[in-house]
Amino acid sequence: MDETPSINVMEPSDEEPEPNLPSTRSPGTEDDQYLSADPTLAARSPSTKEQWPGFVREFYPIVLTQVEAWKDMREIEKNFSKRTNVRVISRLQGKDNGVQNMILDDQNSVEFRRLWKRSDFLACFINRFIMHPDVSDVPRDKKRLRISAKTFRWLLAGFDASPRFVSSIISTEILTSLECRSVPDKNGCPIFTCWYTLPVRTAVACFDEEGSHALSVAGSNQMDPNGYLHLGDIVHDIRPSKIAVYSRCDNKSCRMMFVDFQDGRLHELADEPFNRIREASSDSMGVEGAYKSLELHAIILSSSRRWWSHALTQMKKQLINCEVRLLDESVLILVSPELDLESSSQHLTIKKTLHSIMSHLQRYKTELQVTRTIAHDLQAASHSFNKDSQKPNSKEEPVASGKASNENLKIVAKQISALEAFVQELEAKTGTVMELLSQVVKSRNDMLLVNNGKLVQKLLKSARRQAKASQSMMRESHQMARDMRKDSVSMKTIALLTMAFLPATSFAAILSMPFFSQQEWLNDPARMWLWVVLTVPSTALAVFVYLLFTRKELKPRNQDNEEDEMESVDFVLED
């Protein structure tokens, strides 16, 4: 195994340096003083080639400047916790059963350095806090990766990691496939380095209650494919995550680093890469270097393929449930076409679910395409490494382990292609369910139109009955008016007759009083003219006074009627 000199003694030279690991001094010493330096100043400092990423072999500032690398590092540090708890799997050199496990923390860097030197295979697993059932003490920063910023840079220096690896981790919208490089060491043997960020989707039972999804940012914005997708009918969530992988291998040794962003509450899923790679490290003894890394890449890709398959299957169940609900409702409309106010809210829920699924499927196609590209690129990179590893003019066939690794990657690539076809099938099914929803909504709208027509018909019938009743009342009112008019004419006739005879009877009664009847002059029949003289002028005066007052009362009424008629005419002209 090559020696691993510390960073602080590494100087740029024409000779290709050996794989480096930081010195045994703990993070926070003078070797790590650059961690708090300003990236702009660090980029202009003459000693930047002694610091990461300046000392990284094949680091080309044209592709990614050191200032950009510092910014990316600052961004990824937001996901780190203050304490380190990194799981490590190693296999000692020259031993048939030398697989060892350890936990790298802030206190055992010396032990880790020794293990690095003695092992021909080593893998570091950086996870969030994994909540096993027996864990009771859950830290507050459980969503952060269990590694400190200083330790992460310490590992990057040990792996001679490219800054583009950090850039691929923090990239969320734009996905990058496999990046690799092959450089010879001081003995001319090729060192194969590759890295990628694998997008994964896992379907798990919903953690939260149904009503609490709308209260969170990710839950309320189901159209964002970078967030999780809630499947309400089957009470499942499809949660996004990613696994960043970095490997550095030669013909004899293999070093790998896994940065797993999966939710720590899903302890079985978060532990699966670690358990499978530990099992593969125990079973595949004798597989060396890059062929070993290809096997482990195939394991990670196969786990991702299985998670994807389960997630897409759950999505299909959700689509089937939506389709069954819509078919049942369409049958219900035919059997009993009654107005159901709850159907509108159900339609809105199904519509939101279908649009969310369609939005996520578009993203899934891109992520699966990147995953398939990673599998193909790993095969191409393995062929390139085989050519570089063979001696000039050598006709040796690749070892069996290399062929098996390529076959495994080919199988995984085919399975991922099948998943892409499954996504297209789900996309088509989603479109079919959307068409069914539109038909059900159209049927429901037609039913509403029919019901509205029936209600309008009932209203028209009621209005017609009311019109007939009003017409009958008008007829009765007209008859009452005619009767009242007859009564008024009769009363007027009676009043006129009374007025004509009232003065005559009044004077006759007065003259027949004892006061006048005892006088001889008035008792003479020849004095009849006196009654006539008194009666005729009095009757005429009474009739004149009656006509005078009647005309004065009728004149204002006629003026009011004329004004009303003029106003009605003006109103008609304005219309």
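Let's start our tour at Lys-410, a residue that is partly exposed, with a relative accessible area of 36%. Keep in mind as you look around that this is a predicted model. Lys-410 has a partner: its side chain forms a salt bridge with Glu-407, and the closest N and O atoms lie 3.9 Å apart. Why can these two meet? Both sit in helix α10, three residues apart, so about one helical turn separates them. Glu-407 is partly exposed too, at 41% relative accessible area.

Stay with helix α10 for a moment, which covers residues 400–511. Lys-458 also has its place there, and it is exposed, with a relative accessible area of 56%. On the surface, Lys-458 gathers with Lys-454, Lys-461 and Arg-465 in a patch of positive charge.

Now back to salt bridges. How many does the structure hold? There are 18 of them. One of these joins Glu-77 to Arg-153, with the closest N and O atoms 2.2 Å apart. This pair links distant parts of the chain: Glu-77 lies in the loop between α2 and β1, while Arg-153 belongs to helix α4, 76 residues away. Is Arg-153 buried or exposed? Its relative accessible area is 2%, so Arg-153 counts as buried. Another salt bridge brings together the side chains of Asp-263 and Arg-265, at 2.8 Å from N to O. Here Asp-263 is buried, with a relative accessible area of 18%, whereas Arg-265 is partly exposed at 33%.

Next, find strand β5, residues 190–205. Of its 16 residues, 15 are buried, so the rest of the structure largely encloses this strand. Which strands pair with it? Strand β4, residues 179–184, pairs with β5 in the antiparallel sense over six bridges.

Our last stop is helix α13, which spans residues 528–574 and includes Leu-548. Leu-548 is partly exposed, with a relative accessible area of 37%. Together with Leu-541, Phe-544, Val-545 and Phe-549, Leu-548 forms a nonpolar patch on the surface, and these residues have about 490 Å² of accessible area together.

Terms used
Residues are numbered from 1 along each chain as its sequence is written. This is a predicted model: local features need pLDDT of at least 70, side-chain atom pairs count only at pLDDT 80 or more; totals for chains, interfaces and linings use all residues. Side-chain values use heavy atoms; hydrogens and water are left out. Patches are made of residues with over 30% relative accessible area and no salt bridge: like charges are joined within 9 Å, nonpolar side chains (Val, Leu, Ile, Met, Phe, Trp, Tyr) within 5 Å. Accessible areas come from the Shrake-Rupley method with a 1.4 Å probe; for residues, only the protein chains shown count as cover. A salt bridge is a side-chain nitrogen of Lys or Arg within 4 Å of a carboxyl oxygen of Asp or Glu. Helices (H or I, at least four residues) and strands (E, at least two) are DSSP runs, numbered from the N terminus. Buried means under 20% relative accessible area, exposed over 50%, partly exposed in between (1.4 Å probe, protein chains only). Two strands pair if DSSP finds at least two bridges between them. Lys and Arg count as positive and Asp and Glu as negative; His and the chain ends are not counted. The place of a charge is taken as NZ of Lys, CZ of Arg, CG of Asp or CD of Glu.
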